[in-house]
Amino acid sequence: MNRPIRRVAIAVGVLMCALLINLNFVQVVKSDSYRNNKNNRRVILNEYANPRGSIIVQGTPIAESVPTKDELKYLRKYPDGPTYADLTGWYSLIYDKNGLEDAEDGLLSGNDSRLLGSRITDLLTGRTPEGGSIELTVNKAAQRAAVKGLGGRRGAVVALDPRTGAILAAASSPSYDPSALSSHNLDAIQASYKKLNDDKEQPLLPRAFQASYPPGSVMKVIVAAAALRDGKKPTDVIPAPNVLPLPNGGTMRNFNGESCGNGKTTTLIQALTISCNTAFGQLGVTVGQQKLQDEANLFGMDGQDFSMPLTVSGSSMGEIKDGSQLAQSSIGQFNVQMTPMQAAMIAAAVENNGTLMKPYLVQQELAPNLSVLNKTDPQVQSQVLPADLNLELQSMMESVVSSSSGTGTKAQIPGERVGGKTGTADNSDATGKPLAPHAWFTGYAADDAHPIAIAVVLENAGVSGNESAGGEAAAPLARDVMKAYLDDTSGR
Amino acid sequence: MPVTQTTGEIRVPTRRSAELMLLVFAIAIVFAAEAIVEATRDGRINSHLLTDSIVPLAAGLIAHLVIRRVAPYADPLLLPIVVLLNGLGLVMIHRLDLGLKQQSDDGTGPKFTGAAAPTQIVWTALGLVLFLLIIWFIRDHRVLARYAYTLALAGMFFLVLPSVLPARFSEVNGARIWIRVAGFSIQPGEFAKILLTIFASAYLVTKRDVLSLAGRRFLGIDLPRGRDFAPLLVVWLICIGVLVRGHDLGSSLMFFGLFIVLLYVATERVSWVIVGVLLFAGGAFLAYQLFSNVQTRVTVWLHVFDYPRGIGLQVSQSLFGLGTGGLFGTGLGGGHPEIVPLPATDFIISSFGEELGIFGLVALLVVYVLFIARGFAAALAVRDTFGKLLGTGLSFSIGLQLFVVVAGVTRLLPETGLTTPFLSYGGSSLLANYALLALLLRISDAARRPAEPGRHAAAEPVTPPQAVVPA
């Protein structure tokens with residue numbers, strides 16, 4: 001009788017082997033797929049089991065985790081959500097992460113390798129592990145002024161500290177409240193997301209960093225810089241006809257067919273001050289495509305995305321095939337694309353003696369015990385112009401604001417040396433139908449203690465054919481933000 | 001204590017010291033597991049550590065002392081393995097109590113109706129009492145053969161009772177396999193399993209010669225004679241009955257598989273296995289055609305992820321738990337096994353898989369394999385036919401039950417709703433399996449006990465020594 005018993009034992013052994021093979025399939029082969037299945041709540045439960053670090057602006061959290069009574073132990077809250085939505089992004093159960101919540105996720109969640117030590121200590125002491133926090137460079141007063149100034153209109157504001165590259169303000173409009181996407185109620189999140197995502201005004205788009213517009217006359221600052229480097233002086237007389245015939249066919253006119261000065265020539269400084277199209281169209285052709293492109297690259301317009309640590313879309317002059325296109329590109333039309341961030345970088349470089357500082361948003365990274373893990377040191381990105389030539393560019397940009405004939409007079413701040421450049425950019429919709437022009441202003445207040453550079457864009461804020469949109473709509477907003485910052489920092 | 005007992009000229013080691021050492025080792029593992037659960041969940045060690053590890057320790061020590069006295073030659077591995085499994089089960093049940101309570105507090109799970117671990121401790125104590133009674137009073141397992149028909153009647157009564165009782169006394173979670181009286185609920189099928197194994201072994205000892213007579217040859221196989229099919233058909237019909245009335249796929253499969261194996265071992269005829277498998281396949285096909293609950297189980301098995309919230313919730317969450325556990329698991333107390341419905345009974349294997357990973361779960365299965373292997377070794381070594389059949393049946397029943405359970409929660413087979421022996425929460429299961437342990441120990445004691453002249457006169461011829469050593 002022992003032979004059949006042995007066989008039965010072997011049969012049981014075979015059954016056990018089948019179990020082991022199947023376990024390998026379930027727990028090894030399919031492990032990741034099961035773990036990340038959307039109906040598996042375990043991973044999210046673990047992610048929400050520990051408090052996430054805060055995002056801090058001048059000592060006040062703009063994103064923080066608060067304990068709750070429900071299954072997901074911590075709720076992400078954004079106390080002043082819409083004001084800082086471009087920066088924080090959201091942290092959602094079903095729509096992933098975005099903005100700094102994504103870019104700084106390692107530190108905020110506590111998974112960063114630099115936090116390994118404190119995680120082991122937490123494990124041994126039984127303390128709840130926490131994520132680290134980040135402190136931003138943003139100035140509350142400037143940020144609030146930007147949001148207030150935008151007032152729900154489609155557009156964006158970016159402000160920089162020109163001497164360091166620190167981002168002082170970055171706001172897009174219309175905005176949204178990230179708290180609506182970070183709640184624990186799946187239905188509510190879905191409804192909010194659908195509404196925001198379907199909105200034609202694209203509230204979820206971080207315009208300050210990721211929307212590209214034709215820059216219009218803002219481009220003239222770069223053309224002027226290239227001309228100065230090429231040996232031109234601000235007082236040099238340059239051609240400024242009412243109608244400029246283009247090298248490869250076509251003509252260029254000024255807005256409303258106006259003439260610049262005598263209708264034949266003007267000085268370089270005057271051409272920038274009144275934003276003369278024909279003068280700069282010709283100037284760009286005279287300087288040449290290569291020199292113009294080199295100068296644009298120095299200002300950062302190399303077409304490459306960069307991270308600060310949020311992703312900023314690349315700005316570029318686009319492809320230029322002939323002289324006519326080069327003339328159009330020199331007044332910021334044709335294929336030229338610029339983000340508000342890039343426009344602010346132009347003003348910042350001019351304010352800072354021609355030295356362009358790398359923009360950054362994170363002042364310092366803090367461990368859960370608030371010890372500093374990392375402090376951002378300002379870094380030079382490029383020298384856009386030698387300092388002596390840059391002084392001339394400054395005088396030209398300041399003329400735009402201070403001269404009675406300048407287009408940017410509404411950016412004046414009493415007692416401050418303000419420079420700038422307006423822009424009114426023609427654009428069209430997807431079908432080619434012309435839309436109202438975008439209003440631009442980029443400039444700076446060269447305050448000794450607290451300088452600020454700024455860019456403002458308001459989508460379709462102008463009237464077609466009227467050059468004044470940038471000066472009328474964008475310049476006052478830029479002034480208000482700069483003033484708010486100066487008042488705040490000087491304690492006025 | 002002497003490590004050997006002298007009987008005439010032969011000295012056979014009793015191995016009781018090995019048992020004690022292994023017992024201490026098993027308790028150490030349970031102790032560590034409970035400490036990890038408490039450290040992870042509460043951040044500190046608390047009083048449960050004592051109860052959850054002292055209870056198995058005390059149970060193990062008492063059982064050990066009694067075994068020394070009444071079954072000194074018993075296999076030294078069986079008791080420590082049971083204590084280890086029972087202890088780990090307690091730890092996991094306590095851990096699931098914590099998780100289920102939290103889920104209830106958070107409002108995301110069913111209402112927490114009270115901790116299960118203290119009840120399981122009581123059942124462990126009762127299981128020990130039953131174990132002691134059996135091993136103390138049944139000094140020779142062959143006695144059981146004398147009461148075969150009485151035990152069979154009791155077994156049948158247990159098996160059929162829930163099916164004939166009104167549903168309000170017998171139905172839990174859709175399966176009518178319970179008897180619920182005055183707040184107590186027992187699953188009599190667990191006891192029926194052992195009682196019917198005893199009966200089948202005794203019955204086959206007397207009928208094996210007749211049953212192995214060859215009938216007609218068909219396709220090169222000797223078929224049994226037509227009239228000898230009767231007992232097999234009776235068992236088959238009972239199993240179908242249990243399936244139909246009780247909606248209990250698992251038990252039905254268990255009983256039939258068990259009977260076929262005993263029939264095969266007794267007659268050494270493969271033809272019985274073939275006939276049995278065909279009958280089972282036919283029955284299963286009929287059941288699938290006729291009963292919606294069987295169809296549901298098969299649908300879940302084939303398309304589990306199409307029903308993530310409805311009928312497929314249990315199995316899909318079980319797979320998610322196992323997948324999340326991956327290689328090393330989340331650590332005891334670190335996962336969310338409470339998400340799987342019935343995590344402490346039918347799905348306790350998934351709970352272990354999620355928190356200990358495939359390494360931990362395979363280790364657990366290896367422990368079971370050791371237990372089953374020792375059971376088969378005792379069956380091989382014991383001298384009497386009844387003992388061989390009983391030992392084989394009991395060992396095989398643990399193996400088959402484990403296979404059906406693990407295959408069910410890992411989607412190798414449709415899920416059937418059986419408990420995991422010694423590990424799962426549940427009084428009937430624990431009590432019945434402690435009784436099973438007592439019988440296996442008794443058989444292994446008989447296998448290794450040196451023959452005393454005259455005492456084994458009634459037994460079969462002694463198996464040659466080389467056959468005593470398990471393969």
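Author: Angles under 35 degrees count here as roughly parallel, those over 145 as roughly antiparallel, those from 65 to 115 as roughly perpendicular, and the rest as oblique. The structure is a predicted model, in which local features need pLDDT of at least 70 and side-chain atom pairs count only at pLDDT 80 or more, whereas totals for chains, interfaces and linings use all residues. Residues are numbered from 1 along each chain as its sequence is written, while chains are lettered from A and ligands numbered from 1 in the order in which they are written.

Reader: How do you know which way α3(B) and α14(B) run relative to each other?

Author: Helices are DSSP runs of H or I with at least four residues, strands are runs of E with at least two, and both are numbered from the N terminus. Axes are lines fitted to C-alpha atoms, for helices over the stretch in contact, and angles between N-to-C directions run from 0 to 180 degrees. The axes of α3 (residues 78–106) of chain B and α14(B) come within 10 Å and cross at roughly 160°, and the two helices are therefore roughly antiparallel.

Reader: Is the crossing of α3(B) and α14(B) left-handed or right-handed, and what makes it so?

Author: A crossing is left-handed if the near helix is turned anticlockwise from the far one by less than a right angle, and right-handed if clockwise; that of α3(B) and α14(B) is left-handed. Its contact involves, among others, Leu85(B), Gly89(B) and Met92(B) of α3(B) together with Phe352(B), Leu370(B) and Arg374(B) of α14(B), where contact requires C-beta atoms, placed from the backbone, to lie within 7 Å.

Reader: What makes a residue of that contact nonpolar, polar or charged?

Author: Ala, Val, Leu, Ile, Met, Phe, Trp, Tyr, Cys and Pro count as nonpolar, Asp, Glu, Lys and Arg as charged, and the others, Gly among them, as polar. The contact of α3(B) with α14(B) accordingly has 11 nonpolar, two polar and one charged residues.

Reader: Why are β6 and β17 of chain A called edge strands?

Author: Two strands pair if DSSP finds at least two bridges between them. The open sheet has five strands in the order β6-β5-β19-β18-β17 (chain A), with antiparallel pairing, and β6 (167–173) and β17 (418–428) each pair on one side only. Within this sheet, β5 (residues 155–160) and β19 (residues 452–458) of chain A are joined over six bridges, and Ala159(A) stands opposite Ile454(A).

Reader: How many residues of each chain are in contact across the interface?

Author: On chain B, 45 residues are in contact with 33 residues of chain A. Helix α14(B) gives the most to that side of chain B, with 11 residues, and the side divides into 25 nonpolar, 16 polar and four charged residues.

Terms used. Contact = placed C-beta atoms within 7 Å.
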